[in-house]
Amino acid sequence: MTDPDDIGDSLTILAENGDAITIYPAASTEVLLGRILSVDPELPHFVLELNEGMQIPPGEATFVTWLRSAKLQFKLSQEAWTAQPEQPHLIPLIFPDKCLVLNRRSSARLETPLGVYFTASFVMNGKPHELQLYDFSLGGVGMRCAPRDAQGLHVGRKLQRVRIELGEDTVIIADLEIRLSRTYRSFLLGEQVQIGCQFLNLSPMMQEELARQIDKLNSRMKR
């Protein structure tokens with residue numbers, strides 16, 4: 001993607017959704033997190049908001065995020081990542097020359113049906129969690145929760161032995177990696193956090209069971 005209008009439209013979608021961006025500085029092994037705060041409607045400029053306390057070291061950095069069903073990646077380089085006055089977490093930047101669109105999801109996501117409670121349960125740092133699923137596919141699941149329940153669930157975090165309940169008769173045990181985290185406001189539930197996860201090392205038996213459940217729900221929806 002090299003057209004400035006296309007790049008601007010993509011960054012605007014990320015800003016409106018509040019999608020998380022993972023930043024990989026070339027000069028450091030530390031992984032940083034942020035989001036696109038705003039995009040100028042006329043100029044090829046945008047503002048990056050870093051998580052509190054984070055700073056990008058001088059030099060090149062790679063930015064990675066999900067845009068709809070594809071991974072979006074671009075690079076920027078600054079001798080000094082100069083922040084706005086008195087706002088060290090806000091950095092004004094110019095559009096990248098190009099963005100790479102990678103790894104489109106090979107399997108469509110299926111929204112969880114109304115009236116059936118699909119959940120993901122796991123233990124993190126000794127504390128049990130149970131989050132509601134809002135969609136799933138052969139590649140991963142989407143979960144949602146209140147902000148207070150999302151502490152520690154950051155992009156890149158791996159969750160081990162997650163118990164995924166798909167209705168009353170299907171349970172899958174799988175490892176997950178968090179690939180996306182964003183905050184949104186629900187009319188009924190108020191502020192919520194969406195957490196997109198990818199399956200890690202899903203066994204063939206679990207893949208079969210997941211595919212069976214997807215086929216079953218697809219059949220119900222077509223009736």
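How much space lies in the largest pocket? I looked this up in a predicted model. I found about 510 Å³ in that pocket.

Next I checked the lining. I noted 22 residues around the largest pocket. Nearest its centre lie Ala 20, Asn 51, Ser 181, Arg 182 and Thr 183.

I turned to charge pairs. Side chains of opposite charge can pair when their charged atoms come close. I found three salt bridges in the structure. One of them joins Arg 35 and Glu 49, with 2.8 Å between the closest N and O atoms. I placed Arg 35 in strand β2 and Glu 49 in strand β3, so this pair ties together parts 14 residues apart in sequence.

I found a negative patch formed by Asp 3, Asp 5, Asp 6 and Asp 9. I traced Asp 9 to helix α1, which covers residues 4–17.

Note on methods: Residues are numbered from 1 along each chain as its sequence is written. This is a predicted model: local features need pLDDT of at least 70, side-chain atom pairs count only at pLDDT 80 or more; totals for chains, interfaces and linings use all residues. Side-chain values use heavy atoms; hydrogens and water are left out. Patches are made of residues with over 30% relative accessible area and no salt bridge: like charges are joined within 9 Å, nonpolar side chains (Val, Leu, Ile, Met, Phe, Trp, Tyr) within 5 Å. Accessible areas come from the Shrake-Rupley method with a 1.4 Å probe; for residues, only the protein chains shown count as cover. A salt bridge is a side-chain nitrogen of Lys or Arg within 4 Å of a carboxyl oxygen of Asp or Glu. Lys and Arg count as positive and Asp and Glu as negative; His and the chain ends are not counted. The place of a charge is taken as NZ of Lys, CZ of Arg, CG of Asp or CD of Glu. Helices (H or I, at least four residues) and strands (E, at least two) are DSSP runs, numbered from the N terminus. On a 1 Å grid over the protein atoms alone, a cavity is a set of points where a 1.4 Å probe fits but cannot get out, and a pocket is an open set with protein on both sides within 12 Å along at least five of seven lines; lining residues have an atom within 4 Å of a point. Grid points are joined across faces, edges and corners, and a volume is the space filled by probe spheres set on the points.
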